[in-house]
Amino acid sequence: MNFERTAIADVILIRPTLFGDERGYFFESFQQQKFNEFVGADIRFVQDNESKSAKGVLRGLHFQAPPHAQGKLVRVVKGSVMDVALDIRKNSPTYGQHVSFVLSEENKLQAYIPEGFAHGFATLEDDTIFQYKCTNWYHPSSEGSILWNDPALHIQWGMKDPVLSAKDQLGQLLADFNTPFV
């Protein structure tokens, strides 16, 4: 298992070591001790989630506000996504910047998106299955959303007219957002 810091150092890509033969393959999808050693903190996941989406669905940019903020460890089991993490920590030198990467069943990459980031993904294939571990439980009244196509963000989703939920159509512009994250 290899860990790589992205252009925003707190967002981490995890590349598993695959062991394969004529029967198929095996890899560790998560190892708590190695993860915590690399991150330099004792991070605990308390909830696992999974979604299935058709091609062209965009979910995000979501976050949960403190004290119910969530870090997420995300991966794709089937299909592929363009995954985006947007820094919404007001005192961060990378506030308002994002990193993006393709997660797929082929590359088996995972990404750790810590608290203080809005997260979203756009599905690149039909029947994409997306899984993620969360460091805190879902808390509906703490939910927030940054508008996925805010022109100030310059996010290249690779699609013009994604399928969106009503909630995702009503996200805030970053300029109008009063972040609760320090």
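## Cavities

The count comes to 2 cavities of 30 Å³ or more. The model in which they were found is a predicted one. Rolling a probe the size of a water molecule over the atoms shows where empty space is left.

## The largest cavity

The volume of the largest cavity is about 60 Å³. Its lining is made up of His-62, Phe-63, Gln-64, Ala-69, Gln-70, Lys-72, Ile-113, Glu-115, Gly-116, Phe-117, His-119 and Phe-181. Two elements give two or more residues to this lining, namely strand 6 (58-64) and strand 11 (117-123). Strand 6 gives the most, with 3 residues.

Sorted by class, the lining of the largest cavity has 5 nonpolar, 5 polar and 2 charged residues.

## The second largest cavity

The second largest cavity holds about 40 Å³ of space. Met-1, Phe-3, Ile-14, Ser-29, Phe-30, Gln-31, Phe-35, Leu-73 and Gln-110 form its lining.

## Strand pairing

Strand 12 (residues 128-134) pairs with strand 5 (residues 47-53) in the antiparallel sense, over 7 bridges. Strand 12 also pairs in the antiparallel sense with strand 7 (residues 72-78), here over 6 bridges.

Terms used: Residues numbered from 1 in each chain as written. Predicted model: local features only at pLDDT ≥ 70, side-chain atom pairs only at ≥ 80, totals over all residues. Heavy atoms only, no water. 1 Å grid on protein atoms, 1.4 Å probe; cavity = no way out; pocket = protein on both sides within 12 Å on 5 of 7 lines; lining within 4 Å. Points joined across faces, edges and corners; volume = space filled by probe spheres on them. Helix = DSSP H or I, 4+ residues; strand = E, 2+ residues; numbered from the N terminus. Nonpolar A, V, L, I, M, F, W, Y, C, P; charged D, E, K, R; others polar. Pairing = 2+ DSSP bridges.
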